[in-house]
Amino acid sequence: MRQLHQRVISSVTLVTFALFSVTARAAAPPPVEAEHGMVVTAQHLATDVGVEVLKNGGNAVDAAVAVGYALAVVYPTAGNIGGGGFMTIRLRDGKTTFLDFRERAPLAATKGMYLDDKGNIVKGASTDGYLAVGVPGSVMGFETAREKYGTKSRQDLMAPAIRYAKEGFTLNQADAAELNEGKKWLSRDPATAAIFTKSDGKPFAAGDTLTQPDLASALSGISDQGPDGFYKGPVANAIVKASQDKGGILANQDFEQYKVRELEPVKCDYRGYQIISSPPPSSGGIIICEILNVLEGYPLSYTGYASADTVHYMVEAMRYAYVDRNSALGDPDFVDNPVGKLLDKAYAQKIRDGISPYKAGVSKDLMPKGLGESHETTHYSIIDNDGNAVAVTYTLNGSFGAGVVAPGTGILLNNEMDDFTSKPGVPNLYGLVQGEANAIQPKKTPLSSMSPTIIAKDGKPFMVIGSPGGSRIITITLEAIINVIDFGMNIQEAIDAPRIHHQWLPDKVYMEPHALSPDTVKLLTGMGYTVQVDNDWPIWGQSAGILVGGKSLGDIAKGGGARYNGAMDSRAGSGLAAGY
Ligand code: DON
């Protein structure tokens, strides 16, 4: 029956379904409309900073830099200068590029650094405290972006962040809740606790002010001296000293040798849309493309959002793609990534040939050789009046990273080292079972799932999208894309719609609450799937997206939509889409 569907549905019918289908739409507030520029971030003050930069004649890259620094102050759970990330850029003339400012392993890192003498993982070693810290890249990343593609001075772009750090900012309910949820983690290191917990031991409440004077002076140093204000001198010295005092391996050389990589983004075509996304050391772009290539062979707009058929195709595509993610990909300076193969449409056809239309696949049947058996990042999307588009995902990895701040710096440090394979076959923080390609080596970057993505259509920007969510970043971003392209949702609906996720191992279909109806779950169970809500992680990543030309494909087809349509995930309590 399903194969018959595929044969009889003409592409015209598919397009009609995609544009005008009104079935199974998520309820969501309308996207935010604007004509000249749009900024979507997980913290409203940072969004306002970005909009001001655009209004004052800065371009999307300028705004991205100012937002990056602002989030480091007003969104400490993930915004950072002590972590790293990726920036995907598509300029008005169609040129695309990608900046990799993710963390690198310290020079003293070793493959088995998180194992005890019996070869077992030391619990918490790759996530807690200084041993978990990779060499941060955000400052060098923002400065590289600004110098190459921005137009404004560093001082201009950093001023709002410095002001919020020095004078403080007022917490709203969601800001306070984030800090309160992290209280235990933030209390273990005295320098961290002094900033991010209250001295009277009480929880934060809406209306409280968070002031970060040490961070203000670190930011001022960077503003005055550029990256040297971070990678050389007092800030680097303080981090290295704290690391040496507390069991870490960071050295001044690690900071001095840090470099940003400018790379070609990964590109693929999905039903006539050009996807531009993150290349290795991210797995994101390749795996999104691999899944989309497989899904392109199925009539998703006909099978419909959240139906058993659609979920079956999605899960099988995800299963195959995550095997490739976890076994074959790694830092391109260390590993020969099979990018061509994984992006090949013929490879996607081979995968489809292995998918039964009637029953679930079995993950362990796909086991590659060499493998045995609350979390935070943030994404923001920006587009300016000229059509320059920027997608940034950056992270400390876990919520508030390693939970450590070197005394005097005010800078929360990442625990990105956990993204490496500590031991082949043993799951990391996100349950990823990974292999040798992602093993630890000095100066190597751990494999990421971050997927800052820009989509173009007919040579023009169409969508800017991305999300936090650990290993789920890939499927969250993917689902926002197909919700718009295949299911006709508007950008806010596409982001808010409950999601499903499969990552090969564990061999389970995770769903957000209410993502699938009980009878859909029953159908999937009958096909051999284990479907469940993930109680350890009830709320998944928070997408930030922009659609150009209308709020949905139907709106665009009618020709009357607003130029820019922004949507911040309704799951994000403090986020905001705003434009002008
Ligand atoms: O780079 C990665 O794939 C992870 N460090 C991202 C972590 C993350 O998204 C946590 N946020 N929810």
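How many of the 13 residues of α19 are buried? The count is 13 of the 13, so α19 is largely enclosed by the rest of the structure. Buried here means under 20% relative accessible area, with exposed over 50% and partly exposed in between, using a 1.4 Å probe and protein chains only.

Some ground rules. This is a predicted model, where local features need pLDDT of at least 70, side-chain atom pairs count only at pLDDT 80 or more, and totals for chains, interfaces and linings use all residues. Residues are numbered from 1 along each chain as its sequence is written, and side-chain values use heavy atoms, with hydrogens and water left out. Helices (H or I, at least four residues) and strands (E, at least two) are DSSP runs, numbered from the N terminus.

Back to α19. This helix covers residues 473-485 and reaches 18 Å from its first C-alpha to its last. That is close to the 18 Å expected at 1.5 Å a residue; the expected span is 1.5 Å times one less than the number of residues. T477 is found in α19. T477 has 0% relative accessibility, so it counts as buried. Leaving out residues up to four places away in sequence, T477 touches I288, S451, T453, I465, G466 and S467. Contact means heavy atoms within 4.5 Å.

Next, helix pairs. Two packed helices are described by the angle between their axes and the distance between the axes. Axes are lines fitted to C-alpha atoms, for helices over the stretch in contact, and angles run from 0 to 180 degrees between N-to-C directions.

Take α3 (residues 44-55) and α4. Their axes come within 8 Å and cross at roughly 155°. That makes α3 roughly antiparallel to α4. Under 35 degrees counts as roughly parallel, over 145 as roughly antiparallel, 65 to 115 as roughly perpendicular, and the rest as oblique. Among the residues in this contact are L45 and V49 of α3, and A63 and V67 of α4.

Now α4 (residues 60-74) with α10 (residues 213-225). They pack at about 165°, with axes 11 Å apart. Again, α4 is roughly antiparallel to α10. Y69, A72 and V73 in α4 meet L215, L219 and I222 in α10.

Last stop, a strand. N565 lies in β18, residues 564-568. Is N565 buried or exposed? At 0% relative accessibility, N565 counts as buried. Beyond its neighbours within four places in sequence, N565 is in contact with residues including P31, M38, I491 and K551. The C-alpha atoms of N565 and A578 are separated by 9.2 Å, and the two residues are 13 residues apart along the chain.
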